[in-house]
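Subject: Structure for you to look at

Dear colleague,

I am handing over the structure we talked about, and I have set out below what was found in it. Please keep it open while you read, so that you can follow each point in turn.

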Amino acid sequence: MLLLAAVVLSGCNEGGPFAPSVSPPSSNPAISQTGTQTVKQRIQQLRSDQAALANGISQQQAQLNATRSRLSSDSAAYSSLVNGITSRLQTGTTPGNPELVSQWNAAQAKLDDATLGVGQLNSLASQVTTQASVAGYLLENIRATFAVGGAVDEDHRNLRAIESETTRSMQQIDRLIGDLNAQIGRENGFLARERTNLAALSYGVNLGRLGSPPGAQRGATVTQRRPVPLQ
């Protein structure tokens with residue numbers, strides 16, 4: 001009996017025939033760690049891309065505000081000059097009055113500035129449209145990252161936060177595009193009207209009083225002599 005017990009006990013020792021089987025170490029922790037690191041790196045990149053997107057939108061909004069301010073200032077100065085010229089022509093003055101010639105040229109310069117401002121708005125609109133494409137691509141990448149294996153709950157919380165910020169950025173872009181299109185439309189209408197008005201004032205300045213160019217009532221095209229800066 002003692003001999004049998006000794007044999008059984010020796011068999012239970014590590015490596016013995018009766019020792020409990022031990023599974024080899026699982027490779028899952030290593031795989032999980034690799035997946036987690038991949039997700040974290042992607043989240044860091046997505047967060048950086050979202051920050052760059054938000055910063056770009058902020059700068060473009062600032063550009064729109066600055067251009068609006070300049071256009072408003074140019075429009076006010078232009079209107080003041082045109083009203084002054086019109087008032088003088090209503091009472092009558094000398095043909096080609098140098099003072100009115102100078103004011104007319106100043107008004108034309110303001111109109112030219114407004115034309116440049118519209119060009120800047122068109123360029124900005126193109127940039128914002130590109131931002132819309134970037135935002136859409138970023139949102140696709142964010143949603144695709146949810147399917148990457150190895151993520152933890154915190155990773156998905158971070159992804160949802162970035163997704164929410166990107167969605168807000170896209171809404172800001174939509175509003176910015178709408179504001180730009182509306183502003184461009186208003187400015188183009190203003191320029192079309194005032195080019196015609198300024199051409200009529202050119203004729204009046206040369207005449208010394210308000211009047212319509214010959215043939216204007218019949219819709220004919222009349223080439224006006226534009227007042228030029230005094231030497």
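Contact here means heavy atoms within 4.5 Å. With that in mind, and leaving aside neighbours within four places in sequence, Leu 124 is in contact with Gln 60, Gln 63, Leu 64 and Leu 180. Please bear in mind throughout that this is a predicted model.

Overall picture

The protein has four helices and zero strands, and from the N terminus on its elements run α-α-α-α. Buried residues make up 28% of the 231 residues, while the protein exposes about 14100 Å², of which carbon and sulfur atoms supply 54%. Among the contacts with a separation of 6 or more, 81% are between residues 24 or more positions apart.

After α4 comes Gly 208, whose phi is positive, near 95°.

The nonpolar core

The largest nonpolar core has 36 residues, and those that touch the most other members are Tyr 78, Leu 180, Leu 198, Leu 201 and Val 205. Helices α2 (28-91), α3 (98-145) and α4 each supply at least two residues of this core, and α3 gives the most to it, with 14 residues. As for Leu 201, its contacts, not counting residues up to four places away in sequence, are Val 82, Ile 85, Thr 86, Leu 89, Trp 104 and Leu 210.

Leu 64 has its place in helix α2, and it counts as buried because its relative accessible area is 0%, where buried means under 20%. Beyond the residues up to four places away in sequence, Leu 64 touches Leu 121, Leu 124, Leu 176, Asp 179 and Leu 180. With Leu 121 there are 57 residues of separation along the chain, yet the C-alpha atoms of Leu 64 and Leu 121 are separated by 7.2 Å.

Gln 60 is also found in helix α2, and its relative accessibility of 7% means that this residue, too, counts as buried. Apart from its neighbours within four places in sequence, Gln 60 is in contact with Leu 124, Gln 127, Val 128, Gln 131 and Leu 176. In general, an α-helix has 3.6 residues a turn, so residues three or four places apart point the same way.

Leu 124, the residue with which I began, lies in helix α3 and is buried, since its relative accessible area is 2%. The C-alpha atoms of Leu 124 and Gln 61 are 9.5 Å apart, although 63 residues separate the two along the chain.

A buried charge

Which side chain of opposite charge is nearest to Glu 187? Glu 187 lies in helix α4 and is buried yet has no salt bridge; the nearest such side chain is that of Arg 186, 5.8 Å away. A salt bridge would need a side-chain nitrogen of Lys or Arg within 4 Å of a carboxyl oxygen of Asp or Glu. Not counting residues up to four places away in sequence, Glu 187 touches Leu 71, Val 118 and Leu 121.

With best wishes

Note on methods:
Residues numbered from 1 in each chain as written. Predicted model: local features only at pLDDT ≥ 70, side-chain atom pairs only at ≥ 80, totals over all residues. Heavy atoms only, no water. Core = buried A, V, L, I, M, F, W, Y, C linked by side-chain atoms within 4.5 Å. Buried < 20%, exposed > 50% of the residue type's maximum accessible area, 1.4 Å probe, protein only. Lys, Arg positive; Asp, Glu negative; His and termini not counted. Areas by Shrake-Rupley, 256 points an atom, 1.4 Å probe, with all protein chains shown as cover.
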